[in-house]
Amino acid sequence: MLEVANLEVVYNDVVLVLRGISLEVPDGSIVALLGANGAGKTTTLRAIGGLLDVHEGDVTKGHVTFDGADITELDPSDRVKLGISQVLEGRRIFGELTVDENLAAGAYVNRDRKATSAAYDQVMTLFPRLAERRKATAGYLSGGEQQMLAIGRALMQSPKLLVLDEPSLGLAPLLVQQVRDIIVDVNKAGVSILLIEQNANMALSIADYGYIMETGKVVMDGDPQKLLKDEDVQEFYLGLHGDEGERKSFRDVKHYKRRKRWLS
Ligand SMILES: Nc1ncnc2c1ncn2[C@@H]1O[C@H](COP(=O)(O)OP(=O)(O)O)[C@@H](O)[C@H]1O
Ligand SMILES: [Mg+2]
């Protein structure tokens, strides 16, 4: 369904941030895109959504393809019309507007009345909590409810593919579980998911496939079970091997371990 092929992205004509990223989201699947701060995850999302221009970014090589069509140069709103919706980092809801008004704002490209009301009904079914608080001012919702609203708003466009940028960021563990369950429910409702996360545990627990990015490249990809079992992934992302203190880069961990193997 979505294919990113050998993508290079440059900011301000000079800073090369994506250095040949390739990834795929097959129809109906949940795919996790993992990586530390600054790896280039959000830049990948911007390239998929057509939001690079706003940030002085440019695709200098490679392609983004959706349902077989090359969308690399397409306007953001046309991508939404094709079925790609995004939930940007940081739950950007309209705090002064009500839940309903936020959802109505999300339907801006969804001109068809019937489609809009079907999408609204779906959101109310998926999020009973939002249904209860339809008339509430969004700014007064809890962090978890605001994240639901941000996801609900993206669903108002009846997407085929939903791209989420670190939806668990800043949420308490219980709410992380809630968001995780919501993503599973949205996927069951027929929406493919590209889940960008730093929380590897959460993302890999529901993903069909995972990619790990570092400094603009995919350094590892595969089956979530395989990634979860990988010692380097465990050490770097899951912190299962002690070694608190400074967080090494994924590459450093690898080099360090190689050296250790040679020395022992
Ligand atoms: N608008 C921009 N202009 C210049 N550099 C940027 C811009 N946005 C992000 N970057 C840089 O690109 C790199 C990747 O950032 P980003 O895609 O936000 O990574 P992530 O989402 O994985 O944290 C970082 O080094 C960041 O500083
Ligand atoms: Mg980011």
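**Reading contacts, burial and a pocket**

Modeller: Let's start at Thr-98, which touches Arg-134, Lys-135, Ala-136, Thr-137 and Ala-138, leaving aside residues up to four places away in sequence. Keep in mind that this is a predicted model.

Colleague: Fine. Where is Thr-98 placed, and is Thr-98 buried or exposed?

Modeller: Thr-98 sits in the loop between β6 and α3. Its relative accessible area is 16%, and buried means under 20%, so Thr-98 counts as buried.

Colleague: And the whole protein? How many helices and strands does the protein have, and what share of its residues count as buried?

Modeller: There are 11 helices and 10 strands. Of the 264 residues, 49% count as buried. As for contacts with a separation of 6 or more, 67% of them come from residues 24 or more positions apart.

Colleague: Can you show me a residue that reaches across the sequence? Which residues does Glu-3 touch?

Modeller: Glu-3 belongs to strand β1, residues 2–11. Not counting residues up to four places away in sequence, Glu-3 touches Leu-23, Glu-24, His-63, Val-64 and Thr-65. With 38% relative accessibility, Glu-3 is partly exposed.

Colleague: Now helices. How do I think about which way their residues point?

Modeller: An α-helix has 3.6 residues a turn, so residues three or four places apart point the same way. Now look at α1, residues 41–49, which is mostly covered, with 8 of its 9 residues buried.

Colleague: Which residues of α1 are buried?

Modeller: Among them are Lys-41, Thr-43, Thr-44, Leu-45 and Arg-46. Just after α1 comes Gly-50, with a positive phi of about 80°.

Colleague: What should I make of a positive phi?

Modeller: Most residues other than glycine have a negative phi. In this model Ser-158 goes against that, with a phi near 45°, and so does Thr-215, with a phi near 35°.

Colleague: Where are Ser-158 and Thr-215 found?

Modeller: Each is in a loop. Ser-158 lies in the one between α6 and β7, while Thr-215 lies in the one between β9 and β10. Ser-158 is partly exposed at 38% relative accessible area, and Thr-215 is partly exposed at 43%.

Colleague: What about helices that meet? At what angle do the axes of α3 and α6 cross?

Modeller: The axes of α3 (residues 99–106) and α6 (residues 143–155) come within 7 Å and cross at roughly 35°. That crossing is right-handed. On the α3 side the contact uses Val-99, Asn-102, Leu-103 and Gly-106, and on the α6 side Leu-149, Gly-152 and Arg-153. By class, that makes 3 nonpolar, 3 polar and 1 charged residues.

Colleague: Last one: how do you find a pocket, and what is the volume of the largest pocket?

Modeller: Rolling a probe the size of a water molecule over the atoms shows where empty space is left. Here the largest pocket has a volume of about 470 Å³. Its lining takes in 20 residues, with Gln-86, Leu-88, Tyr-108, Arg-153 and Gln-157 nearest the centre.

Colleague: Which elements give two or more residues to that lining?

Modeller: α2, β6, α3 and α6 do, and β6 gives the most, with 4 residues. The lining divides into 11 nonpolar, 5 polar and 4 charged residues.

How values were computed:
Residues numbered from 1 in each chain as written. Chains lettered and ligands numbered in written order. Predicted model: local features only at pLDDT ≥ 70, side-chain atom pairs only at ≥ 80, totals over all residues. Heavy atoms only, no water. Axes fitted to C-alpha atoms, helices over the stretch in contact; angles between N-to-C directions. Left-handed = near helix turned anticlockwise from the far one by under 90°. Contact = heavy atoms within 4.5 Å. Nonpolar A, V, L, I, M, F, W, Y, C, P; charged D, E, K, R; others polar. 1 Å grid on protein atoms, 1.4 Å probe; cavity = no way out; pocket = protein on both sides within 12 Å on 5 of 7 lines; lining within 4 Å. Points joined across faces, edges and corners; volume = space filled by probe spheres on them. Buried < 20%, exposed > 50% of the residue type's maximum accessible area, 1.4 Å probe, protein only.
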